[in-house]
Amino acid sequence: MNQFFQAWQKRKEALQSKGLDQHSNKSMESVSDVTLTTNVEENIQLIQAQFGKCDDLVVRRFQTKSKAQAAIVFIDGMVDRNVISDFIIRYMTTPDITYQDPATNELDLTDKLRQIVRNILSGCAVLIIDGCQNAYLNNTRGWDRRSVEEPQTESVVRGPRDGFCETLCVNAALIRFRLKDPNLRVRHMVVGERTQTDIYVMYIDGIAYPPMVEEVIARIESVHLDSVLESGYIEQMIQDRRWSPFPQIQNTERPDKVVANLLEGKIGILVDGTPFGLIAPAVFSQFYQSPEDYYERFYIATLIRFIRIISISIALLLPSLYIAFSSFHPEMIPSRLVIAMAAGRSTVPFPSLIEALFMELAIEILREASVRLPGPIGPTIGIVGALVVGEAAVTAGLVSPVMVIIVAVTTIGSFASPSYSAAIAIRMLRFPVMILAGMFGLYGIMLFLIVILIHLSSLKSFGVPYMSPLSPLNLNGMKDLFLRAPHHLMKRRPMMFHVQDKIRIREEDNPK
């Protein structure tokens with residue numbers, strides 16, 4: 001065993017002396033200064049040394065009509081082989097073509113080994129020709145990808161039904177399709193030492209606040225992770241308060257939602273490999289708003305918003321109010337209702353706090369189980385499981401019928417939030433407020449609400465107060481807070497985002 005280790009160590013030292021250690025923990029930093037030579041075989045060996053023993057690295061050697069030795073290097077499964085055969089090899093082997101001519105219409109030249117390796121890993125085919133130090137980087141990406149489909153986490157009642165997919169360029173095109181503005185800017189970035197994940201930062205020049213744009217870019221550049229597999233990595237690393245339960249960056253699968261926020265002066269972040277885009281900065285009010293609010297008439301949208309606000313309040317406070325009233329303040333409940341509640345609790349051996357915690361925990365387990373089960377089975381298990389558990393618990397005398405009703409209404413209320421991240425925060429905060437209600441009654445609930453309001457008022461998202469436009473008060477923003485004013489009255493963009501172009505509707509554009 002020692003002989004094998006010594007041989008391996010000598011081979012590693014030899015590779016390190018050439019800057020070609022394929023097992024280095026520094027990823028591709030060891031080849032940052034390595035350049036190609038004019039010998040095609042030496043260049044192939046340089047590339048193969050970076051990938052080690054990879055059976056999916058394909059090297060196809062051929063000879064051009066000018067008798068020059070050439071090779072194409074690519075990763076199997078990430079390229080379109082028809083493009084390589086029909087538009088590169090066939091092009092290079094025709095009699096009148098020399099190696100100085102381009103092979104495809106999307107082409108770049110480089111002699112840097114690091115750039116070559118990264119392009120191969122991104123699905124490009126690298127053309128190397130003997131006597132030429134530069135390599136041709138041909139865009140031949142052709143792996144299987146999911147087509148544009150309806151968003152899975154944001155159901156659409158009225159509005160466009162196309163959602164983001166896992167391909168970055170397709171997601172950017174979906175935004176370009178809706179926002180035909182030459183001022184739309186796209187900044188390309190690469191994050192992840194090993195995954196080398198592509199990221200687009202999108203904003204509208206002339207509307208977005210430049211310091212805010214630079215702050216977003218600077219925070220993304222400061223992310224130093226080995227891997228960025230989903231936009232949630234970026235969201236957690238660049239938000240202001242990482243310990244807060246409330247999301248300070250919004251995620252969405254809907255291109256129309258990103259476009260609407262870009263037009264308000266916000267910044268969109270798209271990450272390759274995920275259908276979830278990010279919107280920054282975020283304020284609390286936008287987590288109970290939906291793009292469909294602007295597709296319907298204003299009084300319908302206002303009614304729906306009030307329903308969402310009431311549902312969120314029920315999801316947070318209803319179990320704790322039941323605990324407080326039944327345990328500490330029964331005199332505040334009508335006498336007939338008190339008698340009915342007492343009759344239902346006559347066989348329950350636990351206090352109302354334990355009863356509520358037991359039922360809420362059971363519902364959360366059923367909800368998580370229904371999400372993880374296959375699509376057709378999940379909703380069925382969730383409904384049947386809730387009915388069976390609730391009925392069995394009441395029959396066994398473990399919980400009262402009123403508690404089953406309260407937990408059911410609370411669960412339904414938590415589903416009314418358009419934002420999954422905000423709904424999770426409400427579900428998580430429901431448990432501490434229940435414990436405080438079981439210890440101090442209504443005083444505990446008020447103490448909890450005061451602490452939460454102080455926390456929300458102290459939060460900021462990229463310099464924007466989280467409770468804007470309510471705190472600090474902005475009358476222009478109040479038109480789109482609880483109410484949704486008619487479009488012709490919302491002439492100005494929200495001022496809390498420090499937009500440059502403040503006017504959204506100009507009088508000369510809308511003659512009477």
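In this predicted model, P472 lies in the segment after β12. The peptide bond that joins S471 to P472 is cis, with omega at about 0 degrees. P469 is also found in the segment after β12, a strand that spans 464-465.

Positive phi values in residues other than glycine were examined next. F462, which is not a glycine, has a positive phi of about 55 degrees. This residue sits in the loop between β11 and β12. F462 counts as buried because its relative accessibility is 7%, under the 20% limit. Phi of Q196, likewise not a glycine, is positive and near 50 degrees. Q196 is placed in the loop that runs between β6 (184-191) and β7 (197-204). With a relative accessible area of 17%, Q196 is buried.

Strand β11 consists of residues 460-461 and includes S461. The relative accessibility of S461 is 0%, so this residue counts as buried. When neighbours within four places in sequence are left aside, S461 is in contact with D240, Q248, P281 and A282.

F462 is also among the residues touched by I238. I238 belongs to helix α7, which covers residues 231-238, and it counts as buried because its relative accessibility is 1%. Besides F462, I238 touches R219, I220, V223, I249 and I269, with residues up to four places away in sequence not counted. R219 and I238 are 19 residues apart along the chain, and their C-alpha atoms are separated by 5.6 Å.

Key: Residues are numbered from 1 along each chain as its sequence is written. This is a predicted model: local features need pLDDT of at least 70, side-chain atom pairs count only at pLDDT 80 or more; totals for chains, interfaces and linings use all residues. Side-chain values use heavy atoms; hydrogens and water are left out. Helices (H or I, at least four residues) and strands (E, at least two) are DSSP runs, numbered from the N terminus. Buried means under 20% relative accessible area, exposed over 50%, partly exposed in between (1.4 Å probe, protein chains only). Contact means heavy atoms within 4.5 Å.
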